Amino acid sequence: MNTTLQYKLHSGKNSKAAYYMQAALRDMLPDRLYAMRLNRELERCAAMYDRDYIADRVDYYCKLSRPVTLGSDSEPIGALQRKGNPSTYYYDSREALQWFNPELRWHYLFGDIRDIPAEPTVVKSRALGTDNSNSVLLKLDRCRHFVYINDHLQPEEKEDRAIFRGHIGTRENRALFCRMYADNPRVDAADTLPGATEGHKHTSQMKPMMSFYEHLRFRYIMALEGNDVASNLKWIMSSRSAAVMPKPTCETWFMEGRLVGGVHYVEIRPDFSDLEEKMDHYSNHLDELRTIVDNANRYVAQFRDPRRERYIALLVMQKYFKMTNQ
């Protein structure tokens, strides 16, 4: 079978066809049907889920602590159109917005966002290590980012090697990693993006994309940030391989800012210089590595209840509207 076709059929990624079909059907229903059910849905979910846990996550995503009034350039949520916006961002935001009065206003920025907006704005990603309270997180582009995988191999059954496959483009951290480990027998590092930029195309090895399942034979899988977060981090942490990365500088709905090195992932220096040292340590202390993998699996589990995820998103938007004097 053609390798590209084989990858598309067995990549391990979520089915976009299934995602779009479900999202389009949901979007066809009149918003008033959702609005009529909002209070009942919130009450029902409040009785089902731990109140302190829910409140903690809502306040993490929406850190607004005092009321502010949005500027005149804010838009009604009912004016959001699929045309002109990435489809996944449109459908994912609509899943929360369609429960509310369409005349309520908001700011939003779709795409890979690191800059902190001047006013409260709904985003997919935000920078860490700074006052990011104006960046209000929703679970956007979930079809690409929130992927979970079944892995039946234990860490001790995997190859004592690390794997990186990803697009480099102009991402200096990924280019540096591939330059450092291109010829290292313990690390399989390669660029998968055809037509790499002039500055990088001779500094890293080009190889075909690998399915998520092909990664699973490796004990260590690199999660290197791209334009914002490392998009592979969620599925790695749902597997029985260990995610390896420097401390995150950006976060999404996955709350990467709450991940702890040595607890949820194998933390290495930003210059990647201690990778083999960390691999040696954990491969000689497999009990510690299994604990990290177990912790990662438990961390991922909290995002796998669709109704609870929707409930939290509704409360995030409810808080956003309240804190913007609406």
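## Overall fold

Contact here means heavy atoms within 4.5 Å. By that criterion, residues 24 or more positions apart account for 69% of the contacts in the protein chain with a separation of 6 or more. The model is predicted.

The protein chain holds 12 helices and 11 strands. Its radius of gyration is 21 Å, close to the 20 Å that the globule rule gives for 326 residues, so the chain is as compact as a globular protein of that length. Along the principal axes, the C-alpha atoms fill a box of roughly 60 × 45 × 40 Å. Of the 326 residues, 52% are buried. The accessible surface comes to about 15,700 Å². Carbon and sulfur atoms contribute 50% of that surface.

## The parallel sheet

Five strands make an open sheet, in the order β7-β6-β8-β9-β11. The pairing is parallel. Strands β7 (187-191) and β11 (266-267) are the edges, and each pairs on one side only. Between β6 and β7 there are 5 bridges, and the two strands run parallel. Here Gly-166 stands opposite Asp-191 of β7.

Strand β8 covers residues 218-222. On one side, 3 bridges join β8 to β6 (residues 159-166), again in parallel. Glu-159 has Phe-218 of β8 as its bridge partner. Another 3 bridges link β8 to β9 (residues 242-245), also parallel. Tyr-220 stands opposite Ala-242 of β9.

## Helix α5 and its cover

Helix α5 spans residues 87-97. It is mostly covered, with 11 of its 11 residues buried. Among them are the aromatic residues Tyr-89, Tyr-90 and Tyr-91.

## Arg-310 on helix α12

Arg-310 lies in helix α12, which runs over residues 306-323. Arg-310 has a relative accessible area of 24%. That value lies between the 20% limit for buried and the 50% limit for exposed, so Arg-310 counts as partly exposed.

Leaving aside neighbours within four places in sequence, Arg-310 is in contact with Glu-41, Glu-95 and Trp-99.

Met-21, Leu-25 and Met-28 make a nonpolar surface patch of about 380 Å². Met-28 sits in helix α2, residues 16-28. An α-helix has 3.6 residues a turn, so residues three or four places apart point the same way.

Is Met-28 buried or exposed? Its relative accessible area is 64%. The cut-off for exposed is over 50%, so Met-28 is exposed.

Technical notes: Residues are numbered from 1 along each chain as its sequence is written. This is a predicted model: local features need pLDDT of at least 70, side-chain atom pairs count only at pLDDT 80 or more; totals for chains, interfaces and linings use all residues. Side-chain values use heavy atoms; hydrogens and water are left out. Patches are made of residues with over 30% relative accessible area and no salt bridge: like charges are joined within 9 Å, nonpolar side chains (Val, Leu, Ile, Met, Phe, Trp, Tyr) within 5 Å. Accessible areas come from the Shrake-Rupley method with a 1.4 Å probe; for residues, only the protein chains shown count as cover. A salt bridge is a side-chain nitrogen of Lys or Arg within 4 Å of a carboxyl oxygen of Asp or Glu. Helices (H or I, at least four residues) and strands (E, at least two) are DSSP runs, numbered from the N terminus. Buried means under 20% relative accessible area, exposed over 50%, partly exposed in between (1.4 Å probe, protein chains only). The radius of gyration is taken over C-alpha atoms; the globule rule is 2.2 Å times the number of residues to the power 0.38. Two strands pair if DSSP finds at least two bridges between them.
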